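Trainee: Could you show me how to read salt bridges in a model? I would like the general idea, and then the case at hand.

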Amino acid sequence: MASVTIRNAVKAYGPMQVLHGVSVAARDGEFVVLVGPSGCGKSTLLRMIAGLESITDGEIDIGGRVVNELEPKERDIAMVFQSYALYPHMTVRDNMAFSLKLSRKSKQEIENEVRRAAEILALEPLLDRYPRQLSGGQRQRVAMGRAIVRHPAVFLFDEPLSNLDAKLRVQMRGEIKALHSRLKATMIYVTHDQMEAMTMADRIVVMRAGKIEQIGSPLEIYDHPANSFVGGFIGSPSMNFVDGTVVEEGGRLVLRDVSGTLWPLGEKARAYVGRSVQIGVRPEHIRVIEGGIAASVLNIEPTGSETHLQVEVNGQPIVVVVHDRLAAAVGASIGIAADPDRVTLFDQQTGVRLS
């Protein structure tokens with residue numbers, strides 16, 4: 001296996017620059033997820049690592065070797081695509097063996113490698129089937145098997161679960177994570193789904209508009225977002241944001257929003273008294289209580305284990321997650337309260353986290 005180090009990578013198509021000096025490293029054996037909205041440059045970066053896109057400036061290092069000028073086949077990588085890219089006229093066995101045949105491996109070696117990969121991915125009963133005879137999840141496992149037989153230094157995944165239904169995506173997330181644990185391989189995975197990033201990654205790289213916004217472990221990014229964009233992108237339902245001014249009233253620190261509503265703050269906000277800020281609070285850190293901030297219920301979304309409430313506070317939309325059954329109806333008035341110690345302060349102009 002090998003590490004992957006990207007130094008000040010730039011990608012431009014003529015005058016249009018889509019990656020702006022990106023630097024990130026995946027350690028040997030690490031599972032790194034590139035996540036961000038559509039058009040942020042994550043797939044372009046992955047294709048540059050694979051050699052499918054040229055690099056305009058900067059360096060890409062795989063296993064201590066700069067690969068900028070190397071062809072994809074010389075980089076010792078294997079890529080799993082969103083579209084599976086299986087040969088429809090070949091059986092599962094032949095699809096998985098194809099790259100080994102091109103490398104002129106012996107028949108016995110090819111058979112051993114295909115059997116090993118099929119055992120890892122529970123594909124042994126399917127080796128003589130054709131892709132049209134497989135489910136979406138089975139096809140994706142075949143695509144992974146085709147990568148495994150090559151023993152690459154690095155595995156690259158480009159949104160491999162996007163074509164699957166919700167239940168199968170959850171199953172495949174677990175299978176890919178288990179595969180990583182078993183192979184101890186370096187894996188770089190691209191997705192726009194922040195839930196995939198949270199549940200699979202050792203480290204997450206959050207991207208926006210061709211730049212990296214934050215790199216960290218899933219819980220580090222969730223609990224301590226570098227800015228309001230990361231706070232809003234990571235987490236479902238999304239973080240709530242309220243603009244206002246930090247003031248001290250009656251011996252307590254609060255945010256006074258534009259409507260005059262007072263949102264209690266923790267002691268960490270004392271350094272920002274008198275300053276206009278934006279606060280961010282996760283939906284699960286807001287409680288429904290009597291005597292809290294007056295809110296009107298706009299919508300109720302029961303999910304089984306929890307209920308998502310969409311409420312309004314003087315025109316400000318707020319989402320609340322509760323784990324108990326709630327006797328409330330659309331249009332009802334309730335009280336809510338945010339945990340002051342779980343409120344994050346951001347600069348109102350730049351969005352950068354203050355606390």
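Mentor: Gladly; let us begin with one residue. Arg-275 counts as partly exposed, at 32% relative accessibility; buried means under 20% relative accessible area, exposed over 50%, and partly exposed in between (1.4 Å probe, protein chains only). This is a predicted model, where local features need pLDDT of at least 70 and side-chain atom pairs count only at pLDDT 80 or more, while totals for chains, interfaces and linings use all residues. Residues are numbered from 1 along each chain as its sequence is written, and side-chain values use heavy atoms, with hydrogens and water left out.

Trainee: Which residue forms a salt bridge with Arg-275?

Mentor: A salt bridge is a side-chain nitrogen of Lys or Arg within 4 Å of a carboxyl oxygen of Asp or Glu. Here Arg-275 pairs with Asp-347, with 2.7 Å between the closest N and O atoms. Arg-275 sits in the loop between strand E13 (262–264) and strand E14 (276–281), and Asp-347 in strand E19 (residues 344–347), so the pair ties together parts 72 residues apart in sequence. Helices (H or I, at least four residues) and strands (E, at least two) are DSSP runs, numbered from the N terminus.

Trainee: Is Asp-347 buried or exposed?

Mentor: Asp-347 is buried, at 15% relative accessibility.

Trainee: How many salt bridges does a search of the whole structure find?

Mentor: The search finds 18. One of them joins Glu-53 to Lys-11, at 3.7 Å between the closest N and O atoms. Lys-11 is buried, with a relative accessible area of 4%.
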